[in-house]
Amino acid sequence: FQEIPYIDSENETKQERRLPNALVVGVRKGGTRAVLDFLSRHPSVKACPREVHFFDQQENYKRGLDWYREQMPLSFPNEITIEKSPAYYVTDSVPKKVFEMSPSTKLLVVVRDPAIRAISDYAQIFDNNKGALKQSFESYITEDPEHRLLRKRSPLITIGMYANHLNKWLQYFPREQVHFISGEELIRNPANEMKSVEVFLGLKPFINERLFYYNSTKGFLCLTPVTPNRSGCLSDTKGRPHPSVDEGVFTLLRDFYRPLNEKFYTATGRDFGWN
Ligand code: A3P
């Protein structure tokens, strides 16, 4: 006869490092850190605190899935492991690689008005360059001295072409496996926006309004602190002041994105209200 294997109940509930079941794939400056931090409060979620850049950086991808698994936090089998690297959404080679890891990976994308996203991205680049970046936003995003022609190949612009990127993911994943989060709603009403994330991930309802309080110094809703002397707010690099932008250049951006935004609303079935 065939011996029935003995299952050690202790072993069954062992914490292990597991490959992610869900990924926050983008977009840069959409509100990706906020989503990960808010989700981390859920008792059934184990979030990888750092951006691993496994699928978008070849030197990491070459290290293999075992290496990737090692970067993940410990979890029980019934918990969800989640990683976020905002470059995944816009990197052409990534959807296939994620599919090869697991075709059932759930994908989360935080999107924000692409014109505002571009300004936020510039503000980050400006800060990171610590005074070395002399160009204004207007010169950075256009290619002529009159600022009438957008630099359409600049990542500052291409990242916001959400519908085009989505098509690449839909070659591998069904639409229902991608969930879009409104970056604007995430700021206004995080509990509500996160409740639909819970539903999408099949999590028990946990996140609600009581998890947040308005921090007037930060100017944002922050998580109710669990550790004394911690504000529960995101770091100073989240919620930076934006430069004021020339109206003509802003209109140029708006006009450029409008048809792409419309396509995106149709593809996702949600009007994000950016036009
Ligand atoms: P700004 O710095 O332009 O305001 P990411 O984490 O993907 O880089 O996104 C950063 C953006 O998250 C910030 O952009 C900010 O608007 C947004 N955000 C959303 N909720 C936030 C919160 N509760 N606290 C701070 N920033 C938040």
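**Notebook: pockets and ligand**

I began with the lining of the largest pocket and sorted its residues by class: 12 are nonpolar, 10 polar and 9 charged. A reminder to myself: this is a predicted model.

Next I looked up the volume, and the largest pocket holds about 600 Å³ of space. I then listed its lining, which runs to 31 residues. Lys29, Gly30, Gly31, Thr32 and Lys238 are the ones nearest the centre of this pocket.

Which elements give two or more residues to that lining? I found α2 (32-40), α6 (114-128), α10 (183-188) and β9 (220-223). Of the lining of the largest pocket, α2 provides the largest share, with 4 residues.

**Entry on the ligand**

Where does the ligand sit? I find the ligand in the largest pocket. I looked up its surroundings and got 19 residues, with Thr32, Ser120, Leu221, Gly239 and His242 the closest.

I sorted this shell by class too, and it splits into 7 nonpolar, 6 polar and 6 charged residues. Both α2 and β9 supply at least two residues each to the shell around the ligand. The most comes from α2, which gives 4 residues to that shell.

I went through the oxygen atoms of the ligand next. For His242, a polar side-chain atom lies 2.6 Å from a ligand oxygen. For Gly239, a polar backbone atom is 2.8 Å from an oxygen atom of the ligand. Gly30 also takes part through its backbone, where an N or O atom lies 3.3 Å from a ligand oxygen.

How much of the ligand's area does the protein bury? Taken alone, the ligand exposes 570 Å², and I noted that 97% of this is buried by the protein.

**Entry on the second pocket**

I moved on to the second largest pocket, whose volume is about 340 Å³. I counted 16 residues in its lining. Nearest its centre are Asp37, Arg41, Leu223, Arg230 and Gly232.

Which element gives the most to this lining? I came back to α2, which contributes 4 residues to the lining of the second largest pocket. By class I have 9 nonpolar, 3 polar and 4 charged residues there.

**Last jotting**

I kept meeting α2 in these look-ups. It gives the most to the ligand shell, has the largest share of the lining of the largest pocket and gives the most to the lining of the second largest pocket.

Terms used: Residues are numbered from 1 along each chain as its sequence is written. This is a predicted model: local features need pLDDT of at least 70, side-chain atom pairs count only at pLDDT 80 or more; totals for chains, interfaces and linings use all residues. Side-chain values use heavy atoms; hydrogens and water are left out. On a 1 Å grid over the protein atoms alone, a cavity is a set of points where a 1.4 Å probe fits but cannot get out, and a pocket is an open set with protein on both sides within 12 Å along at least five of seven lines; lining residues have an atom within 4 Å of a point. Grid points are joined across faces, edges and corners, and a volume is the space filled by probe spheres set on the points. Ala, Val, Leu, Ile, Met, Phe, Trp, Tyr, Cys and Pro count as nonpolar, Asp, Glu, Lys and Arg as charged, and the others, Gly among them, as polar. A residue is near a molecule or strand if one of its heavy atoms lies within 4 Å of it. A polar contact is a pair of N or O atoms within 3.5 Å; within protein, one must be able to donate a hydrogen and the other to accept it, and residues adjacent in sequence count only if both atoms are side-chain atoms. Accessible areas come from the Shrake-Rupley method with a 1.4 Å probe; for residues, only the protein chains shown count as cover. A molecule sits in a cavity or pocket if more than half of its atoms lie within 2 Å of its grid points.
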